[in-house]
Amino acid sequence: MSDIYLVAGHPIGHSLSPLIHTMLFEYYNLDCRYEKIDIAPEEFEEKSKELFSVGVKGMNVTIPDKIAALESVDCVDPYALSVRAVNTVRFDGSRTYGYNTDGIGFIKALGKSGISVKGKNMLILGAGGAVNSVAKKSLMEGASKITILARDIQKAQALAERIGVEYGSLSDYEQYDYDILVNATPVGMHPNPGVSVVDTVKPDTFVYDLIYNPETTRLMEIARLSGAKAENGLWMLIYQAFESFRIWHGIEPDEIIAQKIYTKAGDTLNGE
Ligand code: NAP
């Protein structure tokens, strides 16, 4: 019987994870299946234990179950513990292990564009779960300065102080200097494209929009018109999935399958 892997969330409507992992299983000739499951946070612990007891080998966990996953696993990786969120669970037959692969996904996605955070001044817009992972990992990777800007300055302050970075109000955005600008708000995401969380971008900077649908966000358009470079969040999504795959199967996916998945995921998002 095939090994089963799942992505759990609530609601778990649309997810590219099954497409990514199924393509990896086929490419590496693994007898595995990957499915979606709707689990509310309050039932996560009980349901996940039940699923592991009937043979599920691993789970990706998405909103809003990442904290419930952190609280329900037997062992937590130090980085997942520090960002207080688990997005990958591995079951070795007796114990469950929790990890968070979002930060690695972000760093590798920037690397794909030839960008390193080392020594860079970063401005991150938003103060939600993704900011936590991105800011913490960027700090670990040597960013020289990180500032979190949010519309609710208290949220920015609470998050920034916990991570050990700077914070400010989104309304003061124009006053800030940066090498790398990261959008970690959902502003401009399908089904509400055409809007941007900021109206200007400094030239000679790099903009990473965590949004990947639409393919080119309004923020990316503004950035490119100003002479900045800009990328969407699709490579981050793919690389965080690759890190889960590596944790489960011990295989680092190669660039050939990476490119195939990027193209297929892009086509799927464009409805082709
Ligand atoms: P989240 O926890 O819900 O946080 C969203 C943040 O955006 C909050 O700080 C929220 O502020 C802020 N925000 C929402 N609407 C805003 C607006 N109109 N103006 C200014 N700020 C606004 O979400 P998340 O999990 O961090 O995800 C953030 C984005 O990243 C989403 O678009 C998500 O799809 C994307 N993402 C992509 C990847 C990837 O692999 N590419 C991974 C993770 C997330 P309040 O708290 O004040 O509401």
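Residues are numbered from 1 along each chain as its sequence is written. In this predicted model, local features need pLDDT of at least 70, and side-chain atom pairs count only at pLDDT 80 or more, while totals for chains, interfaces and linings use all residues.

**Stop one.** Select T62, I63, K66, Y212 and L237, which lie nearest the centre of the largest pocket among its 47 lining residues. A pocket here is an open set of points on a 1 Å grid over the protein atoms alone, where a 1.4 Å probe fits, with protein on both sides within 12 Å along at least five of seven lines; lining residues have an atom within 4 Å of a point. The volume of the largest pocket is about 1600 Å³, taken as the space filled by probe spheres set on the points, which are joined across faces, edges and corners.

**Stop two.** Next, select G126, A127, R151, T185 and P186, nearest the centre of the second largest pocket, which 13 residues line. The volume of this second largest pocket is about 310 Å³.

**Stop three.** Helices are DSSP runs of H or I with at least four residues, strands runs of E with at least two, numbered from the N terminus. Finally, select G55, which follows α2 and has a positive phi, near 110 degrees.

Notes. Side-chain values use heavy atoms; hydrogens and water are left out.
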